[in-house]
Amino acid sequence: MATAEAVRGAGIRPRSAPGACGAFARFVLCGGGVGLASSFAVSALASWTPWILANALVTVVSTLLATELHARFTFGAGGRATWRQHAQSAGSAAAAYGVTCAAMLLLQQLVASPGAFLEQGVYLSASALAGVARFAVLRLVVFARTRSRGAGDRDGEGASTGEGAVAVRTVAVRPVTAAAAPAALCRAA
């Protein structure tokens, strides 16, 4: 089994995706920041256009921005999001859009004239609920590293040449015997 020192000594930088907790913290930071900014943008646009249209416009822009942030930072993909990832992310964003619209329509049915704070609270709560579901979809489907791509992939992204593909290089490590250890360590340094 190769150690981290042996891998670094061979000139290879190990690259690993963050664990579930780390990825969720990054998701909350990136997605939550974009979501919070979106809630204010929706409120501002809703004063000029119908709320549903304002939410649709903000959802499209925020989804593009958040998908790029998630590809580069949240899930450790290390590069720009591919068209496939944008399309899959858009599908989960469409479901989130439906949840926020349904929550706001329900609020309008239950409260004749809701105040700005109540609207923000309902919108952000619905967004948070949808966000947890989006995290699961993005982590397990859209930015999953274990999914194999190959000949059946129709968008031209092969396993070794596609955007977002991770290059893996194996390193053979020989066990060092106790007698050879000092000499081997000197050569390695």
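**Entry 1. S39**

I began at S39, which touches Q120, Y123 and L124, not counting residues up to four places away in sequence; contact here means heavy atoms within 4.5 Å. I worked on a predicted model, in which local features need pLDDT of at least 70, side-chain atom pairs count only at pLDDT 80 or more, and totals for chains, interfaces and linings use all residues. Residues are numbered from 1 along each chain as its sequence is written, and side-chain values use heavy atoms, with hydrogens and water left out.

S39 lies in helix α2. I took helices (H or I, at least four residues) and strands (E, at least two) as DSSP runs, numbered from the N terminus. S39 is buried, at a relative accessible area of 1%. Buried means under 20% relative accessible area, exposed over 50%, and partly exposed in between, with a 1.4 Å probe and protein chains only.

**Entry 2. The chain as a whole**

I counted 6 helices and 0 strands. The pattern along the sequence reads α-α-α-α-α-α. Of the 189 residues in the chain, 29% are buried. Among contacts with a separation of 6 or more, 68% join residues 24 or more positions apart.

**Entry 3. α2 against α3**

How do the axes of α2 and α3 cross? Helix α2 covers residues 20-46 and helix α3 residues 51-74; their axes come within 9 Å and cross at roughly 155 degrees. Axes are lines fitted to C-alpha atoms, for helices over the stretch in contact, and angles run from 0 to 180 degrees between N-to-C directions. The two helices are therefore roughly antiparallel to each other. For that word I used these limits: under 35 degrees is roughly parallel, over 145 roughly antiparallel, 65 to 115 roughly perpendicular, and the rest oblique.

The crossing of α2 and α3 is right-handed. A crossing is right-handed if the near helix is turned clockwise from the far one by less than a right angle, and left-handed if anticlockwise. Residues of α2 in this contact include A23, F27, V34, S38 and L45, and those of α3 include W51, V58, S62, L65 and F73. By class, the contact of α2 with α3 has 16 nonpolar, 6 polar and 1 charged residues. Ala, Val, Leu, Ile, Met, Phe, Trp, Tyr, Cys and Pro count as nonpolar, Asp, Glu, Lys and Arg as charged, and the others, Gly among them, as polar.

I looked up two single residues here. S62, in helix α3, is buried with a relative accessible area of 15%. Leaving aside its neighbours within four places in sequence, S62 is in contact with V34 and S38. A37, in helix α2, is partly exposed at 48% relative accessible area. The C-alpha atoms of A37 and V58 are separated by 9.6 Å, and the residues are 21 apart along the chain.

**Entry 4. α3 against α4**

I found α3 and α4 packed at an angle of about 145 degrees, with axes 9 Å apart. The crossing is right-handed. Among the residues that meet are W51, I52, N55 and E68 in α3 and Q85, H86, Y97 and M104 in α4. This contact has 10 nonpolar, 8 polar and 1 charged residues.

**Entry 5. α2 against α5**

The axes of α2 and α5 come within 10 Å and cross at roughly 140 degrees. This crossing, too, is right-handed. The contact includes F24, F27, S39 and V42 of α2 and Y123, L124, F135 and R139 of α5. Its residues divide into 10 nonpolar, 6 polar and 2 charged.

In α5, I noted Q120, Y123, A126, A130, G131, R134, F135, L138 and V142 as buried. What covers the buried residues of α5 includes α2, α3 and α4 (83-110).

**Entry 6. Cores**

Which residues form the largest nonpolar core? They are A23, F27, A71, F75, A81, F135, L138, V142 and F143, 9 residues. A nonpolar core is a set of buried Ala, Val, Leu, Ile, Met, Phe, Trp, Tyr and Cys residues joined through side-chain atoms within 4.5 Å. Both α2 and α5 (116-142) supply at least two residues of this core. The largest share, 3 residues, comes from α5.

F135 is in contact with A20, A23, F24, F27 and F75, its neighbours within four places in sequence left aside. A second, separate core of 5 residues includes V42, M104, L107 and Y123.
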